[in-house]
Number of protein chains: 2
Amino acid sequence: MLKKEKLIKSDTIFKGKIINLRVDTVEVVQNGNITTRELVEHPGGVGIVAVTPENKVCLVKQYRRPFDEIIMEIPAGKLEWGEDHYACGVRELREETGYTAEQFVYLGEFYSTPGFCNEKIHIYLAMGLTAGEKDLDENEFIELYEYSFDELMDMVSENKIKDGKTVIGILRAYDYLNRKK
Amino acid sequence: MLKKEKLIKSDTIFKGKIINLRVDTVEVVQNGNITTRELVEHPGGVGIVAVTPENKVCLVKQYRRPFDEIIMEIPAGKLEWGEDHYACGVRELREETGYTAEQFVYLGEFYSTPGFCNEKIHIYLAMGLTAGEKDLDENEFIELYEYSFDELMDMVSENKIKDGKTVIGILRAYDYLNRKK
């Protein structure tokens, strides 16, 4: 039978700019075993599938240190602790692409890697875009690209999009727009 | 212009059972700034979309400490460092569900959260299943469920599936099976 584990104690190992690391000691209720669970605390994020008037989707290319690679993603950003995810989505879209949107549709949230991390990523579909000025952080460098949904669906099928939130964003937005028809 | 950051030094803060935590000091090549990047090292994992002879997909329900919630996921597991992901997929499917599969189709890999973590998750579609005995770890408790693709596609659209690899696995498998037709 499934049961929640009982928390015995929680040790914070590291508090960083982006993430904290915690080790929880828990009791597995079914068998009384005591074990530890390593877990990363993250404030969560927002990813935006932004569709231009030409019916193309904006992607951003950027460097990611954990893979030492430059990869393609939907515009996205980290929530400030306690920040509203809609406000964060509006802000990040403008900062990374310069676009503001007439309409933001919430497509839901997912857990990026629930085995060891409490990050929730919220996905928005943004439509009715107006171009404007980007506003990047000092150490943030990105390149903008635009693709049609047909191109993106092929890129996903051919495994050319590596970022999880981008795969989910594209597939969820495509599904949403097609179910509406 | 996009450039890789230059590593100055790498400090390991924590070495755990599942994850390590590292703080890299890097030079942002474009402006010469020195900054730090917090990052979680993870050996990677495998998720399996297993389709039964009745054309249903197996999901497992389990407790996840980071959210203190019981959630629904595809069968999945962590790679041992250096382990082949096909071998891991075969093993995890058998351990969690008892099933062995005649056919494993590789649907590709994705990065669960590349901003701060190097976890890669490989997705397999398993078909031609034969039932057998489960073999769970001592502190692992799961419940098995089976859903049709139609039910799963609705659950994804209604945001009832929270786990990222499960959303990607379902959507990628559905797309793969429909493109084949």
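Analyst: Happy to! In this predicted model, the largest nonpolar core has 52 residues, and those with the most contacts inside it are Val49(A), Leu59(A), Leu125(A), Val49(B), Leu59(B) and Leu125(B). A second, separate core of 14 residues includes Leu21(A), Val40(A), Phe116(A) and Cys117(B).

User: Leaving aside neighbours within four places in sequence, which residues is Leu59(B) in contact with?

Analyst: Leu59(B) is among the residues with the most contacts inside the largest nonpolar core. Beyond four places in sequence, its contacts are Met72(B), Glu73(B), Ile74(B), Glu143(B), Leu144(B), Tyr145(B), Tyr147(B), Leu152(B), Ile161(B) and Thr166(B).

User: Is Asp163(A) buried or exposed?

Analyst: Asp163(A) sits in the loop between helix H2 (149-157) and helix H3 (164-180) of chain A. Its relative accessible area is 1%. Buried means under 20%, so Asp163(A) is buried.

User: Which side chains make polar contacts with the side chain of Asp163(A)?

Analyst: Leaving aside neighbours within four places in sequence, Asp163(A) is in contact with Ile71(A), Met72(A) and Glu73(A), and also with Tyr111(B) and Pro114(B). As for polar contacts of its side chain, one is at 2.9 Å, with the side chain of Lys165(A). Another, at 2.5 Å, is with the side chain of Thr166(A).

User: What polar contact joins the side chains of Asn33(B) and Glu138(A)?

Analyst: Asn33(B) lies in strand E3 (residues 33-41) of chain B. Its contacts beyond four places in sequence include Glu138(A) and Asn139(A), along with Val26(B), Glu27(B) and Val28(B). Between the side chains of Asn33(B) and Glu138(A), the polar contact is 3.0 Å.

Notes: Residues numbered from 1 in each chain as written. Chains lettered and ligands numbered in written order. Predicted model: local features only at pLDDT ≥ 70, side-chain atom pairs only at ≥ 80, totals over all residues. Heavy atoms only, no water. Helix = DSSP H or I, 4+ residues; strand = E, 2+ residues; numbered from the N terminus. Contact = heavy atoms within 4.5 Å. Polar contact = N/O pair within 3.5 Å; in protein donor to acceptor, adjacent residues only side chain to side chain. Buried < 20%, exposed > 50% of the residue type's maximum accessible area, 1.4 Å probe, protein only. Core = buried A, V, L, I, M, F, W, Y, C linked by side-chain atoms within 4.5 Å.
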